[in-house]
Amino acid sequence: MVHAEDLKRRAAAHALTYVTDGMRLGLGTGSTARHFVELLAEKVHGGLTVLGVPTSEQTLAQAVSLGVPIATLDEAGPLDLCIDGADEIGPGLALIKGGGGALLREKIVASAARELIVIADATKKVDVLGRFPLPIEVVDFGVAAITRQVVEAIRSAGCAGDITVRRDGDGHPFVTDQGHLILDAHLGRIPDPAALAAAVAQVAGVVEHGLFIGLARRAVLAGKDGITELEPGSF
């Protein structure tokens, strides 16, 4: 049986074949992205020239520790490529991201890149998004009021489920790198991701949501039978 971490590393290694000398890269956050940064560092030490823009403080610390040249997004300018993981990959390469709490920076960096390649083990591919809780980043003022409005927005998009404030290992509210909180929406099924994204985005106090729609141009999935590449129209 192939271990999930081995599959993640295989997906990361395949995505690395799209990286060429001189590229400005968005560096994702999460367990699969960590493998990519490790493998990228090996190439850098072998002579590859790249400039990385991390999507979280966690990825920044990893890249610096491994000797990958980094810059802020403002310093780097337009990016050639962003490589990141996903919590779920649905039809049309619509994604749920943000399980690690970096969805805001991840979406900003992905939007600044000419191409977003998503890397994952094959279990992340689903027919309908929603089994993984949808992260919604919100300000820390009026969280109860914001949550009530989010519930109404979710209902208007044909979804329903429990909404919880994410907490850290000590039981305190989880705080993102930008100083915000995260609501996790346990919806089970999201029949119309675009409608839900539009509804949630209208709620005052919502900073960003973890639905990434129309951003990914390619998904690299590693399974027991090898690597599969998907594009939006080939799902």
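Me: Why are α1 and α2 called oblique to each other in this predicted model?

Reply: The axes of helix α1 (residues 4-15) and α2 come within 8 Å and cross at roughly 50°. Angles under 35 degrees count as roughly parallel, over 145 as roughly antiparallel and 65 to 115 as roughly perpendicular, and the rest count as oblique. The angle of roughly 50° falls into that remaining group, and therefore α1 and α2 are oblique to each other.

Me: Which residues make α1 and α2 meet, and how do they divide by class?

Reply: From α1 the residues are E5, K8, R9, A12, A13 and A15, and from α2 they are S31, T32, H35, F36, E38, L39 and E42. By class, this contact of α1 with α2 has five nonpolar, three polar and five charged residues. The crossing in which α1 passes α2 is right-handed.

Me: What makes α2 roughly parallel to α3?

Reply: Helix α2 (residues 31-45) and helix α3 (residues 57-66) have axes that come within 10 Å and cross at roughly 25°. Because angles under 35 degrees count as roughly parallel, the crossing at roughly 25° makes α2 roughly parallel to α3. The contact is made by R34, V37, E38, A41 and H45 of α2, together with Q58, T59, Q62, A63 and L66 of α3. The residues of this contact divide into four nonpolar, four polar and two charged, and the crossing of α2 and α3 is right-handed.

Me: Why are α6 and α7 called roughly antiparallel to each other?

Reply: The axes of helix α6 (residues 143-156) and helix α7 (residues 193-201) come within 8 Å, and they cross at roughly 155°. Angles over 145 degrees count as roughly antiparallel, and therefore α6 and α7 are given that description. The crossing of α6 and α7 is right-handed. In their contact, A153, I154 and S156 of α6 meet L196, A199 and V200 of α7, and these residues divide into five nonpolar, one polar and no charged.

Me: How do you know whether L93 is buried or exposed?

Reply: Buried means under 20% relative accessible area, and because L93 has 1% relative accessibility, L93 counts as buried. This residue is found in the loop between β4 (88-89) and β5 (95-96).

Me: What is to be noted about the phi of L93?

Reply: Most residues other than glycine have a negative phi. L93, although it is not a glycine, has a positive phi of about 60°.

Me: Why does F235 count as partly exposed?

Reply: Under 20% relative accessible area would be buried and over 50% would be exposed, with partly exposed in between. F235 has 32% relative accessibility, so F235 counts as partly exposed. The place of F235 is in the segment after β13 (226-230).

Me: Where are the C-alpha atoms of F235 and L93 in relation to each other, and which residues does F235 touch?

Reply: F235 and L93 are 142 residues apart along the chain, and their C-alpha atoms are separated by 7.4 Å. Not counting residues up to four places away in sequence, F235 touches I89, G90, P91, G92, L93, K125, V126 and L230.

Definitions and conventions:
Residues numbered from 1 in each chain as written. Predicted model: local features only at pLDDT ≥ 70, side-chain atom pairs only at ≥ 80, totals over all residues. Heavy atoms only, no water. Helix = DSSP H or I, 4+ residues; strand = E, 2+ residues; numbered from the N terminus. Buried < 20%, exposed > 50% of the residue type's maximum accessible area, 1.4 Å probe, protein only. Axes fitted to C-alpha atoms, helices over the stretch in contact; angles between N-to-C directions. Left-handed = near helix turned anticlockwise from the far one by under 90°. Contact = heavy atoms within 4.5 Å. Nonpolar A, V, L, I, M, F, W, Y, C, P; charged D, E, K, R; others polar.
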